[in-house]
Amino acid sequence: MPSKTRPQPFLFTLLFTFSDFHFVMSTLQINTLFLDVGGVLLTNGWDTEGRKKAAEVFGLDFREFEDRHHLTFDTYEQGKLTLHEYLKRTVFYQNRAFSMDDFRQFMFSLSRPIPEMIELIKTLKKKYNLRIAVLSNEGRELQIHRIQSFNLHSFIDYFIVSSFVHLRKPDVDIFQLALDVAQSPPNSVLYIEDRPMFVDIARSLGIEAIRHECYEKTKAALISYGLVP
């Protein structure tokens with residue numbers, strides 16, 4: 001009698017290319033996004049260009065201002081100084097023709113949303129039921145202003161911010177803290193960040209990471225992980 005052909009239970013796998021397999025696995029795997037804020041969701045809060053503008057508007061010696069900034073800003077970002085104290089050390093160590101409140105309001109006015117990125121994250125969160133965490137270096141008052149002004153708490157679940165937790169990127173401990181708070185294994189987390197060093201650190205911990213350069217590139221990278229808007 002002719003022998004029966006054995007069934008091929010795994011024949012369907014031949015229909016998948018490696019990229020298809022990666023696509024399916026990624027869709028099942030990623031359940032949490034870690035996001036930087038400055039440069040990803042919003043413009044930077046207080047960067048070199050912003051400080052140059054402040055020096056021009058308020059008639060400051062930019063070089064002296066920048067020197068004082070670099071001596072103390074890390075301490076502010078780690079939550080060990082208030083914004084008032086930071087400004088006392090960098091601007092109001094001498095009498096000025098303008099008030100501290102004027103200067104604060106100028107700082108806050110520099111923040112702008114990146115609407116297409118905010119909408120992209122909101123869409124992915126809703127579609128895939130993702131948990132969203134901010135992982136950011138920022139001073140307390142600046143971060144609170146940005147959270148409230150741009151309604152970030154409407155779609156972000158956790159805020160792991162340097163001034164809140166007294167840890168600062170590139171310290172590995174802030175990444176580990178974010179994982180602990182989210183209770184997600186590293187390979188289920190995708191981190192979107194514009195600074196290459198921080199992307200590398202995240203990957204060294206087993207976290208998937210995208211270097212954000214522009215909306216279109218980040219959207220394409222998200223699609224490669226199965227997160228299709």
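Contact here means heavy atoms within 4.5 Å. The structure is a predicted model, where local features need pLDDT of at least 70 and side-chain atom pairs count only at pLDDT 80 or more, while totals for chains, interfaces and linings use all residues. Residues are numbered from 1 along each chain as its sequence is written, and side-chain values use heavy atoms, with hydrogens and water left out.

Take D157 to begin with. Beyond its neighbours within four places in sequence, D157 is in contact with K125, L130, R131 and I132. D157 also sits 5.7 Å from A133, C-alpha to C-alpha, although the two are 24 residues apart in sequence. The residue lies in the loop between α7 and β3; helices (H or I, at least four residues) and strands (E, at least two) are DSSP runs, numbered from the N terminus. With a relative accessible area of 39%, D157 is partly exposed, a label for values between buried (under 20%) and exposed (over 50%), using a 1.4 Å probe and protein chains only.

Next comes the sheet. Its 5 strands make an open sheet in the order β3-β2-β1-β4-β5, with parallel pairing; two strands pair if DSSP finds at least two bridges between them. Because β3 (158-161) and β5 (208-211) are at the edges with a single partner strand each, one side of each has no neighbour in the sheet. On average, neighbouring strands are turned by 20° against each other, direction ignored. Strands β1 (residues 32-35) and β4 (residues 189-193) pair in the parallel sense over 4 bridges, and F34 has Y191 as its bridge partner in β4. Packed on the sheet is helix α10 (residues 196-204), which touches β4 and β5 and makes about 165° with the direction of β5. Such angles run from 0 to 180 degrees between N-to-C directions, with axes fitted as lines to C-alpha atoms (for helices, over the stretch in contact).

On to the helices. Helix α6 (residues 115-128) packs with helix α11 (residues 215-224) at an angle of about 15°, their axes 10 Å apart. That makes α6 roughly parallel to α11, the term for angles under 35 degrees. On the α6 side the contact is made by E116, M117, L120 and L124, and on the α11 side by Y215, T218, K219 and L222. These residues divide into 5 nonpolar, 1 polar and 2 charged. In helix α5 (residues 100-109), M100, F103, F106, M107 and F108 are buried, and what covers them includes α2 (48-58), α3 (62-77), α4 (83-90) and α7 (140-149).

Terms used: Angles under 35 degrees count as roughly parallel, over 145 as roughly antiparallel, 65 to 115 as roughly perpendicular and the rest as oblique. Ala, Val, Leu, Ile, Met, Phe, Trp, Tyr, Cys and Pro count as nonpolar, Asp, Glu, Lys and Arg as charged, and the others, Gly among them, as polar.
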